[in-house]
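These are my notebook entries on one structure. I record what I looked up, in the order in which I looked.

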Amino acid sequence: MTLAAEWFLKGGWIMWPLLLLSVAMVAVGLERAIYFWRNGCNHASLLRELPCAFECAREGRRPACLEENGSPLRQISRVYLDHLHYPRSERHKVVQREGDRLLRESTKHQRLLGLTAQVAPLLGLLGTVTGLV
């Protein structure tokens, strides 16, 4: 048996919840890293494409440059331009709804990370106290 496995077993039952929390943290961290890597935005290219997209939307055509699914900023721009002919208050509600949806998507699993960050030190302290007793 390796030294790490021996230490893990010496830690007692409290090590199993700590191991599960560690695995959950790594899994959520990797998932969030992949999400943000995929949804990265090249702001310079988006700013170059927006005037053309705005002209297309004013003419009633759907801008092809915003068709690709990508960054949240690109998605909100697409929703805004799709609803360009709506009254201002309606357009505002639609864009706000899309922004709320994207915000929920980007902060997914944030509670699990916070809970783990709060509970893991307490479990470690509990393990230390039970080990001393």
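This is a predicted model: local features need pLDDT of at least 70, side-chain atom pairs count only at pLDDT 80 or more; totals for chains, interfaces and linings use all residues.

Entry 1: I then examined cysteine 52, which is in no disulfide. The nearest cysteine sulfur to that of cysteine 52 belongs to cysteine 56, 4.3 Å away.

**Entry 2: accessibility of the two cysteines.** Is each of them buried or exposed? I noted a relative accessibility of 46% for cysteine 52, which therefore counts as partly exposed. For cysteine 56 I noted 11%, and this residue counts as buried because the value is under 20%.

**Entry 3: confidence.** I looked up the mean pLDDT of the protein chain, which is 84. I also recorded that 95% of its residues reach 70 or more. Among the elements of the chain, helix H3 (residues 43-58) has the lowest mean pLDDT, 80. Helix H5 (residues 88-106) has the highest, 92.

**Entry 4: helices H2 and H5.** How do the axes of these two helices cross? I found that the axes of H2 (residues 15-38) and H5 come within 11 Å and cross at roughly 140°. The two helices are therefore oblique to each other. On the H2 side, I listed Arg32, Tyr35 and Phe36 as making the contact. On the H5 side, I listed Leu102, Glu105 and Ser106.

Conventions
Residues are numbered from 1 along each chain as its sequence is written. Side-chain values use heavy atoms; hydrogens and water are left out. A disulfide is a pair of cysteine sulfur atoms within 2.5 Å. Buried means under 20% relative accessible area, exposed over 50%, partly exposed in between (1.4 Å probe, protein chains only). pLDDT is the predictor's confidence in each residue, from 0 to 100. Helices (H or I, at least four residues) and strands (E, at least two) are DSSP runs, numbered from the N terminus. Axes are lines fitted to C-alpha atoms, for helices over the stretch in contact, and angles run from 0 to 180 degrees between N-to-C directions. Angles under 35 degrees count as roughly parallel, over 145 as roughly antiparallel, 65 to 115 as roughly perpendicular and the rest as oblique. Contact means heavy atoms within 4.5 Å.
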